[in-house]
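Student: I would like to learn how to read a predicted model. Please show me the structure first.

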Amino acid sequence: MTLSASVVRRAITASAVTAAITLSPILTAIAQAIPVNGAGATFPALLYEKYIAEFKKKNPDITVNYQAIGSGGGIRQLIAGVVDFGGSDAAMTDEEMNKVSRGVILVPTAGGAVTPVYNLPGVANLKLSRQVLPEIFAGRITKWNDPKIAQDNPGVNLPDSPIKSVVRADGSGTTFIFTNHLSSISPYFKGRVGVGTAPRWTTNPLKGRGNPGVAALVQKTPGSVGYVEYSYAKKNNLAIAAVQNKKNEYLTPSIENTNKALSVINFPANFRVFEGDPSDGYPITGLTWMMVYKKYDDPQKADAVKKWVQYVLTEGQEVNASLDFTRIPADTANRALQQVQSEVK
Amino acid sequence: MTLFDRQLTKPLPLGRTLFSYGMNAIAALSTALALLALLSILFEIFRQGLPGLKWEVFTSLPAPAGETGVPSGFGNAIQGTVLMVAIAALLSVPFGILTAIYLSEVGKTSATATIVRFVMSILSAVPSIVVGVFAYAVIVLATLFNYKGFSALAGAFALAVIMLPIVVLSTEEALKLVPQQQRFASAALGANSIQTTFKVVLASALPSITTGVLLAIARVSGETAPLLFTALFSQSWIENILNPTPSLSVMIYNYSGSPFPEQIQLAWTASVVLLGMVLLTNLLSRLITRKR
Amino acid sequence: MNSSKAQSEVLKSESIVGGDTAWLDLSFAWFLQIIALAAIALLFWMGSVIFKQAFPAINTFGAAFLTSQDWDVNQLQFGALTYLYGTVVSSAIALLFAVPIGIFVAIVTSEKLLPAWVRSPLGFLVELIASIPSVIVGLWGIFVLIPILKPIQLWLHNQFGWIPLFSTETFGPSMLVAGVILAIMILPTIAAISRDVMASFPSDLRTASMSLGATRWEMICTVLLPASLSGIAGAVILGLGRALGETMAVTMVIGNSDLISASLLDSGNTIPAILANQFPEALDELHIGALMYLSLILFALTLAVNVLAMFIVKIFGFKHQ
């Protein structure tokens, strides 16, 4: 008995030592770098991860951390005050902004396209017209060989199988951009589903968490159709459906198409835009924002946040194109940067 | 051959024989199914995860999604899991052992002790996601040490709540096994109750208490739900316990729903590491009691 | 057994308190009591925190929350039925699979059908399932179980599509898959407790039954199982409790569709799954309240189930010991 007790005691000591060694980097590194914690949209997550890696190289004394939990989550956690900045691609509403007692500035960081993706073995280059796309997601068109789909896709062998829609399980700015467009072009969709980060779908869709979750579900589910931010579709080789813009051209996303759409948008003073159907370019286009507080308890943190925003709006913009995001027009970026520099404290 | 002989050697009626065979077959099939599930899980994890198990996964950070050819790993997630489980143990083990001492040495069959036991068994049945919600409300939303937000501390608190009932109930069992004579002997030699409890009772129950603690540690190391919105996750090394903190389990969850093959690969490899940690702890706990 | 009982009686009456250091002993006892009360307080603290946040929703929706299947974040209309249904049905499917298999595994590991050197590792292996973290089981579910079950689900639909249970075409994730995953996860609970119950059954009674001419299986079915019934029932209910509260593995394979469908091949949603998905982003007081209300329901459900299990085991269980 005593022997085994001493064995145990030794084991405990040994494991304590092991734990101490494992954790020693933490103990030594405490308070060396200023953490800047963010959370929110998954739409720009691929881009932000890249920003963070580049930013860290130039500013080793600041550690930026961004967790893709969805735009809804970004707004909630910003209001709760548990992050240093939020990310969202549905611009915060006035009501939401009023809830932030520390004040909030919306910083547009990139523009991107949302694209319908589908999984139909053997079917490439599917076209979905302005009439068809909303009706699929509102549940009026339920079979792949529906005459309305066939009409736009002559010569394509469409299967006689049900359409399974895939949407987001979390509140999502991507969903906002997508439903904003569908509602702008289809009164039927607007009445059945409407615009929102988490609307009430009527098609009993499968739901995935974040853009990656939707992309993965579409990838695994033959007969499905979903919508994701373009770089998730491109990087995973998902089949992209061409959609029709206001000029009735069939387009797939590209930087030029997205830029063309964004160029017809005017940025108001608070940088919020809700354009659902641009007159030119790729029609399902949206912006993504970083929300920063006007007041930080710690002046060091305020400085770190400013440096971070400055990086994103200047050097960071050069990275955008490599991930198929558009740049924020230079004058708009400047205006946002000036506001952050002067108002964030 | 007499009638009597024939009766003695008469085989079982066909129906009863078939029943036996049938039940044997069903039992074998059921057991095989159960084992098949287990073996399939273990086999797939090792088949998919082992090829990715290189040294760099322990020393690198997760690479940005979609970037291949750069070293990618989950050293920070291992750090986070160890850190949070350690803090959770630090919070719940002393508290749990003292509660167990109360149950076995002071309260015994009193009403209070019965209620404590009942509450502990209820606590052990609370779904872990509910514990996570609770920890979000009391730690994440509170300002502690000038910090408000997701942190290792919040995650560890949630894990500690889950550990507590396991520690209390197993420690009480361990203390009950200590023969009463030892307590009497100690008291007869003039020890007060504190000396008796710590130098005699706890000392001789130490191996089985350790077993219980290790089992509790193994159990919470794999918990995901309570960490989702308490510790959140982080792409960087841990520098401070008051910061969002990565963990193996949350990483597996995040990457399991990813469309990127290299992230899915990382999830499998992380599963090998997490499962290895959990099974090792389990094994260790069994070894300690076996020695006794 | 008896003598230790007598000793504890002695201990209770005279205790180990006495001498010059009596005050020390007493304050130690008080200190421990305070710690123990704090442990009780923890549960109440948790309950009250959740109740407080759930209150706006309880106030607004009342009991109708349980019967409404409306869950509309935009309109702030909330009802629990879809999630309650998914939670209960997926757990019921789990029991359907896990109870018979678990009982057979318990019989195989406790009765002398196999040599001892096979039985004890067998029991160990089945219990090993319990130690696999649920997120890992979920990962396996996504990449192994769903592809394996997909042709089976398609076959069920093609052959038995006229039965409402199989009336829809599957896309992979479904209530059935979630049920199977849960069955695997609660199997060790049911098997292990049932085995303990059966192992505590006196072997004289087994021998007696078999010496009267019963085959081993007749003995099991007519003597062992009826006598162990309450213990097994307790095990099953404990398994149910675990199934109801399981989050990760289910979230990963159920498809997260807000849908009440008679078809088991349809995707669905459960209370823990919606909590994991929506809690981090719920903004409105009423939305948070509705989610907390759901936690409260889940809390109450698992509480009731576990108290029931404890009750059954305490009152009827282990009678033959």
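Student: What share of the contacts in chain C with a separation of 6 or more comes from residues 24 or more positions apart?

Tutor: Two residues are in contact if their C-beta atoms, placed from the backbone, lie within 7 Å. In chain C, residues 24 or more positions apart account for 77% of the contacts with a separation of 6 or more. This is a predicted model, where local features need pLDDT of at least 70, side-chain atom pairs count only at pLDDT 80 or more, and totals for chains, interfaces and linings use all residues. Residues are numbered from 1 along each chain as its sequence is written, while chains are lettered from A and ligands numbered from 1 in the order in which they are written.

Student: How are two packed helices described?

Tutor: By the angle between their axes and the distance between the axes. Here, the axes of helix α2 (residues 14-49) of chain B and helix α3 (residues 81-110) of chain C come within 8 Å and cross at roughly 105°. Axes are lines fitted to C-alpha atoms, for helices over the stretch in contact, and angles run from 0 to 180 degrees between N-to-C directions. Helices are DSSP runs (H or I, at least four residues), and strands are too (E, at least two), numbered from the N terminus.

Student: Which residues make the contact of α2(B) with α3(C)?

Tutor: Among them are I26(B) and L33(B) of α2(B), and F104(C) and V108(C) of α3(C).

Student: What is the mean pLDDT of chain C?

Tutor: pLDDT is the predictor's confidence in each residue, from 0 to 100. For chain C the mean is 85, and 92% of its residues reach 70 or more. Over residues 1-14 of chain C the pLDDT is below 50. Where pLDDT is low, the predicted coordinates should not be read in detail.

Student: How many helices and strands does chain C have?

Tutor: Eleven helices and two strands.
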